[in-house]
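Dear colleague,

My notes on one helix and on some aromatic pairs follow it.

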Amino acid sequence: MAQSGVAFGTSGARGEVVAMTDRICFAYTAGFLQHLRDQGEFASGKRVALAGDLRPSTPRILAACAEAVRSLGGEPVFCGYVPTPALAAYAFAQGIPSLMVTGSHIPDDRNGIKFYRCAGEVLKDDEAGITGQVVSLDPALFGADDQLLAPAPLPPITDVTAAYLARYVDFFGADALSGLTIGVYQHSAVGRDVLVQIVEGLGGAALVLGRSEKFIPVDTEAVRPEDIAAARDWAAELHTDAIISTDGDSDRPLLANEAGEWLRGDRLGILCAQAIGADHVVTPVSSNTALELTGQFAHVARTRIGSPYVIAVMNAALAAGGTRVCGYEANGGFLLGSDIVQDGKVLTALPTRDAVLPILAALVASRGAGGLIALEAALPARVTYSDRIQAFPPADSKRLFAHLQDGDAAVRDARLAGYFAGEHGGLASVDLTDGIRMTMADGVVVHLRGSGNAPELRCYTEAGDAAEAAAANAAALRTVLDRVLAAA
């Protein structure tokens with residue numbers, strides 16, 4: 001880890017492709033399996049499921065991971081290039097470890113490996129156990145460039161998408177989307193063809209849009225201007241009832257309404273929680289506060305940003321007797337903590353980010369609400385907006401937050417107010433759960449934090465309307481660049 005610069009982030013390793021050599025990927029996989037062996041979840045002869053996204057570097061990294069599985073006596077099960085939640089659903093059902101080679105939404109000069117235990121994601125408690133492993137590497141396997149000298153071919157593909165498709169067709173019904181025309185923005189998402197199959201399996205008409213053989217880094221929290229424009233154009237030209245898409249590994253959703261406007265992921269999460277009748281909802285502190293304002297959920301909990309934190313609180317809710325437990329992130333990825341029974345049909349728990357459930361739940365609910373625009377309009381009028389400063393080194397992020405938080409609470413708040421609250425009537429409160437989340441006197445929220453998986457500074461804002469949220473976001477990032485960094 002120290003030599004390569006490939007860090008252990010949310011649920012796994014992530015770094016630049018040039019740094020993710022076969023030796024490094026082999027070592028991370030071996031450390032993961034050795035940790036599971038210590039936990040009684042892995043032994044020689046046990047199967048380990050592997051899958052990947054459509055980045056050019058993914059096949060090579062998969063081969064290195066498979067070699068590590070074999071070196072510890074395991075049997076690699078190659079599930080192909082499929083959505084992360086499809087791999088997870090298969091592995092959880094089989095009770096076997098799994099790993100997904102993906103960089104999610106970030107550009108393809110980076111990649112990563114996400115690890116899963118036999119029944120759920122690797123959590124923060126597992127991180128020290130994995131990264132603290134002493135791994136022995138056979139030098140005869142690697143060349144001077146740290147790449148495998150003779151990588152073995154991956155095994156024949158084990159199909160996991162059929163079960164993933166059946167999961168939703170069986171629950172929602174083969175006519176759930178009948179009469180609807182759904183655009184499927186495919187770009188380079190690994191689940192692009194699965195989305196078409198799901199729409200058609202539920203009786204809808206799928207229109208394939210924007211397929212690309214070159215990797216496109218679609219971030220569901222910071223949708224690119226060209227994707228905003230494309231959705232509006234497609235909706236106007238094709239008269240779609242909705243447009244759907246995902247990020248690169250298809251665990252974070254994108255859903256556009258009849259006008260081609262992309263719904264925010266944290267608003268979509270609320271709609272999905274409503275649709276399944278959740279009694280416990282867990283979401284990070286950055287998510288839209290319309291969740292609480294609906295008054296529809298018996299228990300709401302806020303966490304740090306990252307699925308491991310959401311899952312930990314979901315697990316606590318289940319232990320406390322929660323029967324309809326779910327979570328979601330601001331990116332829209334929805335985590336189902338408990339089985340959901342509706343009309344005699346069961347949707348089994350899937351405690352990892354999933355893009356399909358929130359998309360389908362909202363589409364089905366919209367049919368009785370007069371469409372997606374009307375469905376979302378019924379939520380409290382709180383609008384979130386997010387943007388980022390890219391190529392923002394972690395050292396700059398550390399320096400920035402150290403400066404902003406220096407001193408006691410009174411000194412800190414006065415400094416924050418001087419930078420950010422001038423146009424908002426003052427600073428009402430500060431939340432340091434994850435980064436710095438400031439609520440202003442006029443109700444505007446400004447939240448700054450460093451990204452956990454990319455060299456970026458993220459800014460989330462919330463206000464009563466879209467224009468105000470966007471303006472507050474631009475002003476906050478401009479303040480960071482023009483004033484805060486210079487003083488830090």
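Helix α11 is largely enclosed by the rest of the structure, because nine of its twelve residues are buried, where buried means under 20% relative accessible area, exposed over 50% and partly exposed in between, with a 1.4 Å probe and protein chains only. The buried residues are V356, L357, P358, I359, L360, A361, A362, L363 and S366. Helices (H or I, at least four residues) and strands (E, at least two) are DSSP runs, numbered from the N terminus.

This is a predicted model, in which local features need pLDDT of at least 70 and side-chain atom pairs count only at pLDDT 80 or more, while totals for chains, interfaces and linings use all residues. Residues are numbered from 1 along each chain as its sequence is written, and side-chain values use heavy atoms, with hydrogens and water left out.

Turning to the aromatic rings, those of Phe, Tyr and Trp (its six-membered ring) pair if their centres lie within 6.5 Å, and planes under 30 degrees apart count as stacked, over 60 as edge-to-face and the rest as tilted. By this rule there are ten aromatic pairs. One of them, F8 with Y28, is tilted, at 6.4 Å centre to centre and 35 degrees between the planes. Since F8 lies in strand β1 (residues 7–9) and Y28 in helix α1 (residues 22–38), the pair ties together parts that are 20 residues apart in sequence. Both F8 and Y28 are buried.

F92 and Y116 form an edge-to-face pair, with 5.7 Å centre to centre and 70 degrees between the planes.

Best regards
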